[in-house]
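I opened my notebook to look a few things up in this structure.

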Amino acid sequence: MKRVVDVFKNRGRELVWTYVIHLHNDAEFHPGQLDFEVEALRLSQVDKRGAENELSAKVRLNT
């Protein structure tokens, strides 16, 4: 399952980066919106997009 997730700076809601997240799901794991947002925030830390406490993520629902 894939979702587009935007990462924002908490102050001013400035768009920092957009990720296309692909979480493999099977019979035991069906990812929800929060799973995609958590993965985008994890990737933003790996990519050094900003401090963890300054970023938030939101799944695009209409894509």
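This is a predicted model: local features need pLDDT of at least 70, side-chain atom pairs count only at pLDDT 80 or more; totals for chains, interfaces and linings use all residues.

**Entry 1: a leucine in a loop**

I started with leucine 23, which sits in the loop between strand E2 (15-22) and H1. Is leucine 23 buried or exposed? I got 15% relative accessibility for leucine 23, so it counts as buried, the cut-off being under 20%.

Next I looked up what touches leucine 23. Leaving out neighbours within four places in sequence, I found Met1, Pro31, Asp35, Phe36 and Glu39 in contact with leucine 23. I also checked leucine 23 against leucine 55: they are 32 residues apart in sequence, and their C-alpha atoms are 21 Å apart in space.

**Entry 2: the overall layout**

Time to step back. How many helices and strands does the protein chain have? I noted 1 helix and 3 strands. Reading along the sequence, I get the pattern β-β-α-β.

I looked at size next. The C-alpha trace spans about 40 × 25 × 15 Å along its principal axes.

Some totals for the protein chain: buried residues make up 27% of the 63 residues. The accessible surface is about 4,600 Å², and 50% of that belongs to carbon and sulfur atoms. Taking contacts with a separation of 6 or more, I see that 48% are between residues 24 or more positions apart.

**Entry 3: charges and salt bridges**

On to charges. The protein chain has 10 positive and 10 negative charges, and their mean positions are 7 Å apart. Side chains of opposite charge can pair when their charged atoms come close. How many salt bridges are there? The count comes to 2 salt bridges.

One of them joins aspartate 6 and arginine 60, with the closest N and O atoms 2.9 Å apart. This pair links distant parts of the chain, 54 residues apart: aspartate 6 is in strand E1 (residues 2-9), while arginine 60 is in the segment after strand E3 (55-59). Aspartate 6 is buried, at 9% relative accessible area, whereas arginine 60 is partly exposed at 36%.

There is also a salt bridge between glutamate 39 and arginine 42, where the closest N and O atoms are 2.8 Å apart. Where do these two sit relative to each other? Both are in helix H1 (residues 33-46), and they are 3 residues apart, so about one helical turn separates them. Glutamate 39 had already turned up in my list of contacts for leucine 23.

Arginine 42 is partly exposed, with a relative accessible area of 44%. I also compared arginine 42 with glutamate 52: they are 10 residues apart along the chain, and their C-alpha atoms are separated by 8.6 Å.

**Entry 4: a buried glutamate**

Still in helix H1, I picked glutamate 37. Is glutamate 37 buried or exposed? Its relative accessible area is 11%, so glutamate 37 is buried by the under 20% cut-off.

Which residues does glutamate 37 touch, neighbours within four places aside? I wrote down Val5, Ala57, Lys58 and Val59. I then checked tyrosine 19: it is 18 residues from glutamate 37 in sequence, and 9.7 Å away in space, C-alpha to C-alpha.

**Entry 5: a lysine in strand E1**

Lysine 9 lies in strand E1. Lysine 9 is partly exposed, at 34% relative accessible area. With neighbours within four places left out, lysine 9 is in contact with Glu14, Val16, Glu54 and Leu55.

Lysine 9 and leucine 55 are 46 residues apart in sequence, yet their C-alpha atoms are 4.6 Å apart in space.

Where is lysine 48? I found lysine 48 in the loop between H1 and E3. Lysine 48 has a positive phi of about 55 degrees, although it is not a glycine. Lysine 48 has a relative accessible area of 74%, so it counts as exposed, the cut-off being over 50%.

Key. Residues are numbered from 1 along each chain as its sequence is written. Side-chain values use heavy atoms; hydrogens and water are left out. A salt bridge is a side-chain nitrogen of Lys or Arg within 4 Å of a carboxyl oxygen of Asp or Glu. Helices (H or I, at least four residues) and strands (E, at least two) are DSSP runs, numbered from the N terminus. Buried means under 20% relative accessible area, exposed over 50%, partly exposed in between (1.4 Å probe, protein chains only). Contact means heavy atoms within 4.5 Å. Accessible areas come from the Shrake-Rupley method with a 1.4 Å probe; for residues, only the protein chains shown count as cover. Lys and Arg count as positive and Asp and Glu as negative; His and the chain ends are not counted. The place of a charge is taken as NZ of Lys, CZ of Arg, CG of Asp or CD of Glu.
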